[in-house]
Every structure is written in structure tokens, then in C-alpha cells.
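This report goes through one protein chain, from single residues to the overall fold. Keep the sequence and the structure at hand while reading.

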Amino acid sequence: RSLLGNGVLNFNPHAPIYLFHSTQDRTVPFVNALKAEDWFKGWNVKYDFGEYGKHGTGCIHFLVKVYQDL
């Protein structure tokens, strides 16, 4: 029940979103990012998709990017 209440299906953001994903990620397949990009068309979303390594390495790249932008 709580999963339904906290799901992101039909979610419409009211604040800017930064969506980062590595094309090489196999833990969370890149197709998920493409589906999110399609869903959020027209909303205030910045995308950063690239070759940042697998899941763990991609996470490190994300954290460094966010730290640098703060």
C-alpha cells in the first residue's frame, strides 16, 4: 500500500529536476532514464546522460557533479 502512495507513476514535478544516468549502467538499465525523459517532456528537467561507467562509477560521477554545482 505505501508503495502505491509513494510511486512516481503519474508524477508531475513542481521543482526543477536533474536527471543523471550512465548509458553503461546495467543495475538500473539506461532504458529507464529514456522512459523518464519521455515522461518529463515539457517539465523543468535537466538531463545528463553519458558514458560514466557502470552503476557504482556512475554514482561517483553524479556525486562529484552535484558537489561541483553547489
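Phe20 has a relative accessibility of 13%, so Phe20 counts as buried. The cut-off for buried is under 20% relative accessible area. The model described here is a predicted one.

Phe20 is part of strand β1. Leaving aside residues up to four places away in sequence, Phe20 touches Asp48, Tyr52, Gly58, His61 and Phe62. With Asp48, the separation along the sequence is 28 residues, while the C-alpha atoms are 4.7 Å apart in space.

## The aromatic rings

How many aromatic pairs does a search of the whole structure find? The search gives 6. One of them joins Tyr18 and Phe20: the ring centres are 6.3 Å apart and the planes stand at 45 degrees, so this pair is tilted. Tyr18 also pairs with Phe62; here the centres are 6.2 Å apart and the planes are at 15 degrees, so the pair is stacked. The cut-off explains the two names: planes under 30 degrees apart count as stacked, over 60 as edge-to-face, and the rest as tilted.

Ring pairs link Tyr18, Phe20, Tyr52 and Phe62 into a cluster.

| Residue | Relative accessibility | Class |
|---|---|---|
| Phe20 | 13% | buried |
| Tyr18 | 25% | partly exposed |
| Phe62 | 30% | partly exposed |
| Phe11 | 37% | partly exposed |
| Gly56 | 45% | partly exposed |

Strand β1 covers residues 17-22 and strand β2 covers residues 45-50. The two strands run parallel and are joined by 6 bridges. Within this pairing, Ile17 stands opposite Val45 in β2, and Ser22 stands opposite Gly50 in β2.

Helix α2 (residues 30-39) forms a β-α-β unit with β1 and β2, and this unit is right-handed.

Which residues of α2 are buried? They are Phe30, Ala33 and Ala36. Seen down the axis of α2, these buried residues fall within an arc of 115 degrees, so they line one face of the helix. What do the buried residues of α2 pack against? They pack against β1 and β2. The face of α2 turned away from the buried side carries the exposed residues Lys35 and Asp38.

## Other contacts across the chain

Phe11 is found in the loop between α1 (2-5) and β1. Not counting residues up to four places away in sequence, Phe11 touches Ile17, Trp39 and Phe40. Phe11 and Phe40 are 29 residues apart along the chain, and their C-alpha atoms are separated by 8.9 Å. Phe11 is partly exposed, because its relative accessible area is 37%.

Gly56 belongs to helix α3. Between Gly56 and Thr27 there is a C-alpha to C-alpha distance of 9.1 Å, and the two are 29 residues apart in sequence.

## The chain as a whole

The chain has 3 helices and 2 strands. Along the sequence, they follow the pattern α-β-α-β-α.

Of the 70 residues in the chain, 20% count as buried. The chain exposes about 5,700 Å², and carbon and sulfur atoms supply 59% of that area.

How many of the contacts between residues at least 6 apart in sequence join residues at least 24 apart? The share is 68%. Examples given above include the touching residues Phe20 and Asp48, which are 28 residues apart in sequence.

Notes: Residues numbered from 1 in each chain as written. Predicted model: local features only at pLDDT ≥ 70, side-chain atom pairs only at ≥ 80, totals over all residues. Heavy atoms only, no water. Pairing = 2+ DSSP bridges. Helix = DSSP H or I, 4+ residues; strand = E, 2+ residues; numbered from the N terminus. Right-handed = clockwise from strand over helix to strand, strands pointing away. Buried < 20%, exposed > 50% of the residue type's maximum accessible area, 1.4 Å probe, protein only. Arc of directions from axis to C-beta. Contact = heavy atoms within 4.5 Å. Areas by Shrake-Rupley, 256 points an atom, 1.4 Å probe, with all protein chains shown as cover. Phe/Tyr/Trp six-rings, centres within 6.5 Å; stacked < 30°, edge-to-face > 60°.
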